[in-house]
Amino acid sequence: MSGFKAGFLWGGAVAAHQLEGGWKEGGKGWCLADINRSQYDIPPEERYNMEIDTAYIKRAMEEDDKFYPKRRGIDFYHTYKEDIKLLAGTGMNSLRTSINWARIFPNGDDATPNEEGLKFYDDLIDTIIANGMEPLITVSHYEMPLNLTLKYNGWASRELVDFFVKYCEVLFKRYKGKVHKWILVNQINLIVHESFNHLGIASDKVDNLLEAKYQGVHNEMVACAKATKIAHEIDPDNEIGMMFCSNLTYPISHRPEDVYWNMRHNQMEYLYGDIMVRGYYPGYALRYYDEHNIHINFYPGDEEALKEGTVDFVSLSYYYSRLSGEEPYLHTDLGQVPNPDIPASDWGWGIDPLGLRIALNEYWDRYQKPLYITENGLGAYDKVEADGSIHDPYRIDYLRKHVEQVVESVKDGVDVRGYYPWGPIDIISCSSSEIEKRYGFIYVDYDNQFNGTGKRSLKDSYYWYKKVTASNGEDLG
């Protein structure tokens, strides 16, 4: 027996900027993702979101669209009705997607929302529901209006708190009765990797970038707390969640020093949940700030807001596990290194299904809040056979082994309520802006240069997931 309760959410997860396209349509403004340049020709280990300055931004805004695949996506802006019908064919009963902030407030500080953008999401959400799926909506998923970086300085600027709360309130009122589950910020702990995409802080506009990032995420968490309180007031049925990228690491050795530094690393990954679930800053964070000469401005009412706006559930993305310890913590950008004892994907991401069970137990033990796995998947190269079939046993194997560990975590007593494989239809990669790093059950006929027809085709994994959803996790064969 799988142990999954009736009503368990078997979903799929995507993001607006990675699939919609239509980047200048419907009154949409520039967003952060619109300046993500393709990196498919860069070695995998070097593909990450570099720090961005205003010169880069202005140059990107003038460059040809062909270098910026997220401006095109997979044309979901025009094909969403057909695509959602295909997704529903897997039997999934929930779909996670985001609302592109720049479609609703094109400049971020607009006096009124863009009605054309709201109408697009009216129809999108209605289509999701009509196809038997519950919408799980991410409010901010690397789609902050670019104007908020150029005119202000992203989340480092205090003005963004009010802009974001206003944006959230518009959505909560507009979709009352239709959307009940919300993630306010995607992977809020990613302030090193994906830091510009997340916080929108231009590196040349601050003196201390690390301090600006922690100030930015403080402002963001205050905004989330205020928005959470408003969400509950607008609709008591609203459930508001926070989301981690699961970056918990194992000690690189059994040396006490490595175990200690690994603990320090993991504490600073837990930080965001410790604040958003518990409602206050933990002592280890204050010590970290002191030791690193980081000064956070607490504005009047911040502490009260954090206490009053705690979240209802915790969600996480999980793709890989890594190692940390004294030396890696001190001498690598991310404070972590690959684990040589586990296999890796073509993009160097360590494949560790048991690590998902470990992470779920750790988050459950710490927070005692319902858990949703809102991203999990394998980016891989897929081959279309002469007869049009697409055999992806590697993807099925990856997902099966991870779901097996979710089953075990449920038996451990962890309250897991949903599983959302990432990119159930092929989309543009977040980190490298390429489509050939495919996660989907549904193949989209484009290559990295957008050669192809855009035709959708079903992979073997599509039929596998259909068995999983139909059996509520009993049939993983």
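The following legends describe close-up views of a predicted model of one protein chain. Residues are numbered from 1 along each chain as its sequence is written, and side-chain values use heavy atoms, with hydrogens and water left out. Because the model is predicted, local features need pLDDT of at least 70 and side-chain atom pairs count only at pLDDT 80 or more, whereas totals for chains, interfaces and linings use all residues.

**View 1. The whole chain.**
The chain holds 16 helices and 13 strands; helices (H or I, at least four residues) and strands (E, at least two) are DSSP runs, numbered from the N terminus. Its C-alpha trace spans about 60 × 55 × 45 Å along the principal axes. A compact globule of 477 residues would have a radius of gyration near 23 Å, and the 21 Å of this chain agrees with that. The radius of gyration is taken over C-alpha atoms, and the globule rule is 2.2 Å times the number of residues to the power 0.38. Of the 477 residues, 62% are buried, where buried means under 20% relative accessible area, exposed over 50%, and partly exposed in between (1.4 Å probe, protein chains only). Among contacts between residues at least 6 apart in sequence, 76% join residues at least 24 apart; a contact means heavy atoms within 4.5 Å.

**View 2. The sheet of eight strands and its β1 edge.**
This open sheet has the order β1-β11-β10-β7-β5-β4-β3-β2, with parallel pairing. Its edge strands, β1 (9-10) and β2 (94-98), each pair on one side only. Two strands pair if DSSP finds at least two bridges between them. β1 is joined to β11 (residues 416-419) by two bridges, and L9 has G418 as its bridge partner in β11. β10 (residues 371-375) runs parallel to β11, with three bridges between them. On this side of β11, Y372 stands opposite G418.

**View 3. Strand β7 within the sheet.**
Which residues of β7 point one way, and which the other? F313, S315 and S317 point one way, V314 and L316 point the other way, and all are buried. In a regular strand the side chains alternate between the two faces of the sheet. Five bridges join β7 to β5 in the parallel sense, with G241 opposite F313. Four bridges link β7 to β10, again in parallel, and S315 stands opposite Y372 in β10.

**View 4**
β2 and β3 pair in the parallel sense over five bridges, and S98 stands opposite T138 in β3. On to β4: strand β3 (residues 134-140) and strand β4 (residues 181-185) run parallel and are joined by four bridges. L136 has K181 as its bridge partner in β4, while S140 stands opposite V185. Helix α5 (residues 115-130) packs on the sheet, where it touches β2 and β3, and its direction makes about 145° with that of β3. Axes are lines fitted to C-alpha atoms, for helices over the stretch in contact, and angles run from 0 to 180 degrees between N-to-C directions. Why is β3 described as largely enclosed by the rest of the structure? Six of its seven residues are buried, so the strand is largely enclosed.

Three bridges hold β6 and β8 (residues 322-324) in the parallel sense, and P251 has S324 as its bridge partner in β8.

**View 4. Helix α7.**
Helix α7 (residues 159-174) has 16 residues and reaches 23 Å from its first C-alpha to its last, close to the 22 Å expected at 1.5 Å a residue. The expected span is 1.5 Å times one less than the number of residues. Buried residues of α7 include L160, F163, Y167, C168 and F172.

H402 lies in helix α15 (residues 393-411). Is H402 buried or exposed? H402 is buried, with a relative accessible area of 0%. Leaving aside residues up to four places away in sequence, H402 touches Y318, I351, D352, P353, L356, N376 and Y419.
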